[in-house]
Amino acid sequence: MEATDNAGMARAEVAELTLQEEYELYGERYERAHELLADAQLQISEGPWIWTGTVLLPHSGYAGGVRGTTLPGSDGDTSYDVIDSRVIQPPGATGSAADLEPMRRYYQGKGWRVEEQASGGWKTVWGRTDDGYWLEYTVHSNGSYSLAVRSELYWTNDEPALEAAVVDRVPGSYADNTLPRESLPGDYIPFPDWSDAIPK
């Protein structure tokens, strides 16, 4: 039986999609990831969060899926996931296990699967949504707390081509990897329309 991806699509189904159709699907998944990220951020703080890197492009599935999830037969050119993250440094934070509790309660209140990890100077609580996204909240003993969202893998016909299609539509400073220093929950780079191709 052919493996289906995080959207329940088989590779043969995705093979019938045009690049534009794949692009628009990725945009929907990107928007969903940021909806989840914003709601989770609000469980911790309504204040500003620090950005951590490039967040608009599909993330190649070359290393496999989040939390050991797999998509048999996929590789870096045929699969991707959606990922973004933010960091906050609460006053007086020490990485206490008790600081995970608000996020743990949030996951449990949603009825999501919850997993935890701890090692040395950090502790993490994971929550898996019903549509295959994972939220990862990590508290570090140095007072830096991170929140990430990452989907399980999706099939694509050509990950580099999909990535290039996004790059071709990214406005100005974002294309140069110049991102905001920080923002409030719910603020992220709007996903460009297919018609927003930048003339070369």
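Biologist: What makes Tyr26, Met103, Tyr107 and Tyr137 stand out in the largest nonpolar core?

Modeller: In this predicted model, that core has 35 residues, and these four touch the most other members. Membership requires a buried nonpolar residue joined to others through side-chain atoms within 4.5 Å.

Biologist: Which elements supply at least two residues of this core?

Modeller: They are α2 (19-41), β1 (49-51), α3 (101-110), β7 (133-140), β8 (145-151) and α4 (159-167). The most come from α2, which gives seven residues.

Biologist: What is in the second, separate core?

Modeller: That core has six residues, including Ala3, Val14, Leu71 and Trp155.

Biologist: How do you know that the buried residues of α3 are on the same side?

Modeller: Met103, Arg104, Tyr106 and Tyr107 are buried in α3. They cover an arc of only 160° around the axis, and therefore lie on the same side of the helix. The buried residues of α3 pack against α2, β5 (113-119), β6 (122-128), β7 and β8. As for Tyr107, its contacts beyond four places in sequence include Trp112, Val125, Leu135 and Tyr137.

Biologist: Why is β8 called largely enclosed?

Modeller: Buried means under 20% relative accessible area. Six of the seven residues of β8 are buried, so the rest of the structure largely encloses this strand.

Biologist: What makes β4 and β7 partners of β8?

Modeller: Pairing requires at least two bridges. Strand β4 (residues 83-88) has six with β8, in the antiparallel sense, and Ile88 has Tyr145 as its bridge partner. β7 and β8 are also antiparallel, over seven bridges, so the pair meets the two-bridge requirement. Leu135 stands opposite Val149 in β8.

Notes. Residues are numbered from 1 along each chain as its sequence is written. This is a predicted model: local features need pLDDT of at least 70, side-chain atom pairs count only at pLDDT 80 or more; totals for chains, interfaces and linings use all residues. Side-chain values use heavy atoms; hydrogens and water are left out. Buried means under 20% relative accessible area, exposed over 50%, partly exposed in between (1.4 Å probe, protein chains only). Helices (H or I, at least four residues) and strands (E, at least two) are DSSP runs, numbered from the N terminus. Contact means heavy atoms within 4.5 Å. The arc is that of the directions from the helix axis to the C-beta atoms.
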